[in-house]
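Here are some notes for a colleague who will look at the packing and the backbone geometry of this structure. Please read them with the coordinates open.

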Amino acid sequence: MVGMAVVEMHGEFPTEALVVAARGGDREAFSLLIERHRNLVFAYAFARLGEREEAEDVVQEAFVRAYLSLPRLRGEAGWQAWVMQITRNLCHDALRRKRVRRTQPLDPEWLAEGPTPEGELLSEEARRQLTEAVEALPEKFRVPLLMRFGSGCTRQEIALALGLPESTVVGRLAGAMRLLRRRMGKEWAL
Amino acid sequence: MNPICHWYRRWLERSADLETGLTAGSSAARHLDGCESCRAYWVELRRLSGGLLQAVRAPKCTDETARQVWARIEAGECRQPAPRRLPALGWGGLAAALLGVAMIGGDALRPPAGGPWESPVRGARPEPHRASADPGAETIALAPIPANGTAPVTEARPGRGTRRRHPRDPKTIHGAGEGRTVGGAQPDSRRLVAGKATRPSPGPRATRILPDEQFLDGRDAGMLARWTRMADREKEQLAAILSRLPPPADDFVRIPLPRVAAAADQRAAAAQAVKNYEQQAKIVDTRLYRNVSLEAKGEALENVCRQLERQTGVTLRASRGVADEKVTLFVKEVRARDLMRALARLFGYAWSRAGEEGAYRYELTQDLRSRLAEEELRNRDQAEALLALDAEMEKYRPYLELPFDQLKHRWKERGERQLFPVIFGGWGGMQLYHRLTPGERAALLSGQDLTFRDNHADPDRSLPAEWQPALLASWTGRVRGPGGVHVPLGEVPGIRVTQLRLRLVRSELGQLTLKSWMTAGWEENDYPARTFTERELGIGRSPSSARPGNAEANAALKGQPPFDRVVSVEPAPSCPHFRPGVKPMFADPQDQNVPLEAEPHLVTADVWEAVHRATGLPVVADFYSGLFPAVGMAQKQQSLFDALCRLGDRMGVRWTQDGDFLLGRSTSYYWDKLKEVPNRHLRRWRKEREAHAGLPLASLIEMAGLPDSQLNSRRVGEVVRHCWGLREWLFLEGEDASGRSGARFLSQLTAQQLQQARQPEGIPLAALTPGQQQGALQLYQETLKAFDRQGSEPPAFGPEAFRNAAFRVQYIPTGWYAWNSPSRPDQPLPRGVREITAPTQAEALAQARAIYPEVRAEQFSRNRLGQFHAGVMFIFRQ
């Protein structure tokens, strides 16, 4: 029952209010903000960087920078977009440092360990083909695709994370599906 | 593909990631009910979507994030904001919530051990994963050496390096009167006099000389011998003559062999002929020793010759037959004569010389012999493709006798992926193919449709009744049944497969595709209803063109300089959409018609440019349209040999070294050259399109006049539509292009007639000349044939209908604005408003308002795909 209460409580505090409180120095409020947004930030960073440790590092760094820059934030409503902008910049820097753009193979973390109960089971070969095809996608298609299917983000969340209109995200997801279908061919095995 | 299907497929792609799928009753859902191919496409997308959910799953973010963030904040010298209480939100509630989390041990908000905001020491993180390998560094599957691919023999040649000789190569093979050239396309004339030359060639030292026939397909010397219709004795005589003749000093020039015709004093005539030949052979044009530098990507030979002429001052031409051939050149400070030799050898052409000393003119030509050799290659390739297709179909043989349910089980449960086409619409085609009589097989090979019907009068062409359940079960579509409910096709009362058609499609030259079409019929409200579906059963390509096998073909060069150098070849796209730092010329951010448009892509010229930049080697390669995804093309820190082999295999190109030059030739050049559209046409149409903000109808008509081999190719169409920005090509592209015949017919009309045909009422058939009327009726006949092919009953119009018929043309260039809202019955539009199209909305509106002042801006919207239709329109007057 307590757990339920927490969930409800979580919903009671609008992000704007938490931002105002955090800016006023309230650590609990900022912790709640972290809890509320860390999954999306992580999903984006992981989709972009492909490595768990590095993505977690970026997540932490993004929130640290956000906290330190809180006094400069104008307009509490833009908190999410602001954090995501910081995350995007950090990812960009990380990639630039590594000089790796889009050709790195997917982290083994991406690969599901076993078949899911729903739907048709994916054979090992098909799984390998599919992950290879995903790896080969251009970044602008790969990131939203991984966020959508790998992390279960909604289109709206992806749009927020990428700083793009939702319609563009929908288009990119569609483009990713089209490219994947083209690369996988019609006969890839389940 | 039908533009409507095209549009709906974009919709389907946008819905593929939704858990809910398509909204019931949406127009896309309704479209799927009636379109089998789109339904199959939707099934594929949903399978892909389901597969992605299984194949990629991201880890969750650690629950320690908040703690670690605070630790990092406190570890640094952070400026903490001054504490401030949150008004009016009840922080007591928040504190209670946090307390609650602590009580239930909620991981999400659990403070770290040692106090919630203590500064913990960050543990050492494991070394992050590193990219294990460049994706371009995948294993290359090498083609086996063909049965007749006897390895060439390398032999030493004093003063001229080494050369490779085919063991089966006859020492003297040459047609009388066909001329000889050392560097050019004529096979092996140089070998005839090897070691007997009275003076060394003034050309550069050839590090390695390949058999000429390798420029044709790289293996079969015997093939060229087939064109030499000489008896052995004649060959010996010719060899004897040639052995006495000096080799040409300008070895890239073809000198006609001495022709002797005399009734008397044959000895004197022969002596004179030999003397003339020797004079020609001695000529060395010193002007061609000038160095030239050229960079051209996919440029016509005609223009390359012009460039060479500008740099050397020597008149150079490409004959009409080869002028449009495209070439990629990257050479810096090489002798003009060396470049001329490389060009001739690459294409199998020859330079002929004319004029007086000091003012010689050169022309690049392709002789009949070379053309016949290409024709032979095409024939052989087609036979090999057919064998490959048959082998592809053989894999279905073990399944012929299995019940359909068992096939489905094998596909689904046992992962037998090759059954996909059979399970989804191809079962009937598979059965038919393996039961064809020799006569039917011959008819299929000759391009005929094989049609089998339910209850056909001819028992040989009748579909077995027992096939019906399996045929319907393999048809996964649904149709709107009684009461508007969508039901699987097999459950529609009274439904039967009425027709099954098999055809060997050859529209993409160099490739054979076996397709089947199925039509089902049933009664709906006492009216016959029909639906049909198509399925690709197999594709055949000749192994020699499908697998270049560069590593094997060039095995002798491995580890040899300069191929042992470690280089990084990183091609950059030259497509206007993706060229770095250049604003796209034709980019339409809303348009994602062609899949490759959405990602950076390369043409072969981009790759050769990168090779030249990385190595400095002079490169001469052919150029045929085709896009390759840029992903994985970069070869980093590879030996040049490996990089060239991988790149060549990916592009379907064979590379080789000839002297100092690096040459690249498409493995299917004999097909590709038939599909290639000349640059001069493309440039002109692009210019006209830019000038008119859309392709004028006259240009579209001109486009339709191109050969079918060019218009049929999807591969070429992709480049023309995207990279050249000629999107209207889509109306004419592909074997089933609906607009091609109509556009071709329009070329018969005068400008005035064309103007009238574009009016809403069209031009009456009676106003056309008898010849034009016949053409219009032919178009109508083609429409009827299309009905017949689909197994539908064509509409029957009597003579009366033709009396009132008119010919009408509707054309909206892609991206233009056109009327998009239906007229209301109570407010009929004035005539002509609906036909208004313009490049901008404002222009369309201005034109419409001149007729109908109440028109609104939103009634004109951008037509992204454009529209073209030309055909007979029947007008029924009451």
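Predicted model: local features only at pLDDT ≥ 70, side-chain atom pairs only at ≥ 80, totals over all residues.

1. Chain A overall. Of its 190 residues, 48% are buried. Among the contacts in chain A with a separation of 6 or more, 65% are between residues 24 or more positions apart.

2. A helix pair within chain A. The axes of helix α6 (residues 124–135) of chain A and helix α9 (residues 166–184) of chain A come within 10 Å and cross at roughly 130°, which means that α6(A) is oblique to α9(A). The crossing of the two helices is right-handed. On the α6(A) side the contact involves Gln129(A), Leu130(A), Ala133(A) and Val134(A), and these meet Leu180(A), Arg183(A) and Met184(A) in α9(A). By class, the residues of this contact comprise 5 nonpolar, 1 polar and 1 charged.

3. A helix pair between the chains. Helix α4 (residues 52–68) of chain A and helix α4 (residues 65–75) of chain B have axes that come within 9 Å and cross at roughly 55°, which means that α4(A) is oblique to α4(B). This crossing, too, is right-handed. From α4(A) the contact draws on Val59(A), Gln60(A), Phe63(A), Val64(A) and Tyr67(A), and from α4(B) on Thr65(B), Gln68(B), Val69(B), Arg72(B) and Ile73(B). The contact of α4(A) with α4(B) has 6 nonpolar, 3 polar and 1 charged residues.

4. The nonpolar cores. The largest nonpolar core holds 118 residues, of which Leu343(B), Ala344(B), Leu364(B) and Val620(B) touch the most other members. Helix α11 (residues 336–347) of chain B gives the most to this core, with 8 residues. A second, separate core of 112 residues includes Tyr67(A), Leu45(B), Ala55(B) and Leu472(B); Tyr67(A) also belongs to the contact of α4(A) with α4(B) described in point 4.

5. Surroundings of Leu364(B). Which residues does Leu364(B) touch, not counting residues up to four places away in sequence? They are Leu301(B), Cys305(B), Ala318(B), Ser319(B), Val322(B), Leu343(B), Ala344(B), Tyr349(B) and Trp351(B). Leu343(B) and Ala344(B) are named with Leu364(B) among the residues that touch the most other members of the largest core.

6. Backbone details to check. Most residues other than glycine have a negative phi, and most peptide bonds are trans. Against that background, a cis peptide bond joins Pro561(B) and Pro562(B), with omega about 0°, and Pro562(B) lies in the loop between α18 (550–553) and β16 (566–569) of chain B. Glu333(B), in strand β7 (residues 326–335) of chain B, has a positive phi near 50°. Is Glu333(B) buried or exposed? Glu333(B) is exposed, because 8 other C-beta atoms lie within 10 Å, and the cut-off for exposed is 12 or fewer. Ala693(B) has a positive phi of about 55° although it is not a glycine, and it lies in the loop between α22 (679–692) and α23 (697–704) of chain B. With 13 other C-beta atoms within 10 Å, Ala693(B) is partly exposed.

Notes. Residues numbered from 1 in each chain as written. Chains lettered and ligands numbered in written order. Core = buried A, V, L, I, M, F, W, Y, C linked by C-beta atoms within 7 Å. Buried ≥ 20, exposed ≤ 12 C-beta atoms within 10 Å, placed from the backbone. Helix = DSSP H or I, 4+ residues; strand = E, 2+ residues; numbered from the N terminus. Contact = placed C-beta atoms within 7 Å. Axes fitted to C-alpha atoms, helices over the stretch in contact; angles between N-to-C directions. Parallel < 35°, antiparallel > 145°, perpendicular 65-115°, else oblique. Left-handed = near helix turned anticlockwise from the far one by under 90°. Nonpolar A, V, L, I, M, F, W, Y, C, P; charged D, E, K, R; others polar.
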